[in-house]
Structures are given as structure tokens and as C-alpha cells.
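Here are my notes for you, written as numbered points. Keep the model open while you read, and find each residue as it comes up.

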Amino acid sequence: MSRASDQAYARIRAHLLSGAMAAGEQITEDQLAQISGVSRTPVREAVRRLEDELLLVRSDTKRLFVADWSRDDIEEMFVLRQMLEGHAAERAASRLSREQIAALEAVNRDLTAAVEQASPDVARFLEANRAFHDVIIDAAQSPRLAQLLARLVEAPVVLRTARTYTREDLLQSARDHDELIAAFTARDPDWARAVMGSHLRRAFHTFARAVGPTKERDAAA
């Protein structure tokens, strides 16, 4: 993979994850070349990687679009995260060093401070939240697990979910993190897995509440 392709991949991915483009919006390679500042050849290589990550999709006529995930796609993503991050929390419970637990405490203090501002700083919340989960994934000491989760944790739906949170939702997330820290401090893998599972299910239901019922449920109502 060329350096130019890596640059294109990083810049286009960041652009997509920022929410700058709407789900389902068509985009061309020329536009992506302008966004990334490189020629079309490395852009094509970057696009293939982003298609593999399901951030970009191609129609039957080969046109390129920003991925537009259905509610079913989103629920599946949360289920997979619950399985994988639950496993990560279980592994981490017996592996986290004192320094890593201290890092989790510091990150969660920063996350809480972001939420408790007069107007919650969602960008700062997201950054701290990602850092918190990264410590757990690192402590799980499983490169395969880390690679699988990288595709799920940064998906656009994570950003969309956070933007639907009320202040109470954001504070609840911080409280969940506090309980995770307690489970890790107690070196209790079952407790850690259970808390991580409920934490992620709560996140899904927050998103579901914001987007409303599925079309199938609408039709049945």
C-alpha cells in the first residue's frame, strides 16, 4: 500500500466519520481526490479499503455512495459489539495493570467533565469514550479482537448515536464506566462482561428511541 493511498484512506475515512456527508449521498472519485489531496489512482486503492469496511458502497451501476445502514444493520452492529467488547472486558479484567485502571479513571473524569458543561461537549465526550474503550481493548491483549472491533467502534452510527444522547444519557454512560472500573478493580470478569453488555444495549436503545420504530413495526401499528 502506497503512502499516498494511506493518506487518501485516512483523510476520506475521517471525512466520512465526521458526518460531513449524508448517509446514502453519492460521491465520485474526483470528489474524493479533492478531499484527500491525492490523485485518483491512490484514491481507488483507498476506496477499496473503505468498501471493505462498509463505509462506502457501490451500486449495481458502479456508482459510489456513502453507506446508509438500515436499523437492522445498526442493531446487528450493536449485537456484535456487545459480544466482542463483552469478551474484551472479560479478558481485560484479569490483565489490566494498576496504571491502566488509573488511566481509565482519568479518562472517565474527562468524559464526565465534558458532559457536565453548560452545553455538553459531544466531540470531547466521543474522544474520551473512545480512549476509555481503547484501554480495555489494549488490555484484552488480543490483536484479532482489536482488528474486528476497529470496524465497529468507529462506524458512523456511533457518532449518530452520541448526537441523540440527552445529558442524562451521557451521564449514564459515565456511570456505566464507573461500574466497569469497579469490576476491573475487583478482578471480576463476569461482572465486567455483564456491565459492558448492559452499557452497549442501553446505547442501542437510545439510538432506537431517537430514530423511531422500524418500517415493519410502522406497518403493523
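Predicted model: local features only at pLDDT ≥ 70, side-chain atom pairs only at ≥ 80, totals over all residues.

1. Start with helix α6, residues 122–140. The helix has 19 residues. From first C-alpha to last, α6 reaches 27 Å, close to the 27 Å expected at 1.5 Å a residue.

2. Look at how α6 begins and ends. At its start, a side-chain oxygen of D121 comes to within 3.3 Å of the backbone nitrogen of A123. After the helix comes Q141, with a positive phi near 55°.

3. Now ask which residues of α6 are buried. They are F125, L126, A128, N129, F132, H133, V135, I136, I137, A139 and A140. Several of these names return in the next point, on the core.

4. The largest nonpolar core has 42 residues. Those with the most contacts inside it are L96, L104, F125, F132, I136, L180 and F184. The elements that give two or more residues to this core are α4 (71–93), α5 (98–115), α6, α7 (143–153), α9 (167–185) and α10 (189–211). Of these, α6 gives the most, with nine residues.

5. The buried residues here are D169, L170, S173, A174, D176, H177, L180, I181, A183 and F184.

6. Pick out L180 in the display. Leaving aside residues up to four places away in sequence, L180 touches F132, I136, A192, V195 and M196. F132 and I136 are also buried residues of α6.

7. Which aromatic rings pair up? The count comes to two aromatic pairs. In one of them, the rings of F125 and Y165 have centres 6.2 Å apart and planes at 70°, so this pair is edge-to-face. An angle over 60 degrees is what counts as edge-to-face. F125 belongs to helix α6, while Y165 sits in the loop between α8 (156–163) and α9, so the pair ties together parts 40 residues apart in sequence. Both F125 and Y165 are buried.

8. T206 lies in helix α10. Not counting residues up to four places away in sequence, T206 touches T164, Y165 and D169. Is T206 buried or exposed? With a relative accessible area of 4%, T206 is buried, because buried means under 20%.

9. Two residues have a backbone angle worth checking. Most residues other than glycine have a negative phi. Q141 is not a glycine, yet its phi is positive, about 55°. Q141 lies in the loop between α6 and α7. At 51% relative accessible area, Q141 is exposed. R187 is not a glycine either, and its phi is also positive, about 55°.

10. Last, find a charge over a ring. The charged end of R49 sits over the ring of Y9. The distance to the ring centre is 3.7 Å.

Conventions. Residues numbered from 1 in each chain as written. Heavy atoms only, no water. Helix = DSSP H or I, 4+ residues; strand = E, 2+ residues; numbered from the N terminus. Expected span 1.5 Å × (residues − 1). Buried < 20%, exposed > 50% of the residue type's maximum accessible area, 1.4 Å probe, protein only. Polar contact = N/O pair within 3.5 Å; in protein donor to acceptor, adjacent residues only side chain to side chain. Core = buried A, V, L, I, M, F, W, Y, C linked by side-chain atoms within 4.5 Å. Contact = heavy atoms within 4.5 Å. Phe/Tyr/Trp six-rings, centres within 6.5 Å; stacked < 30°, edge-to-face > 60°. Lys NZ or Arg CZ within 6 Å of the ring centre and 35° of its normal.
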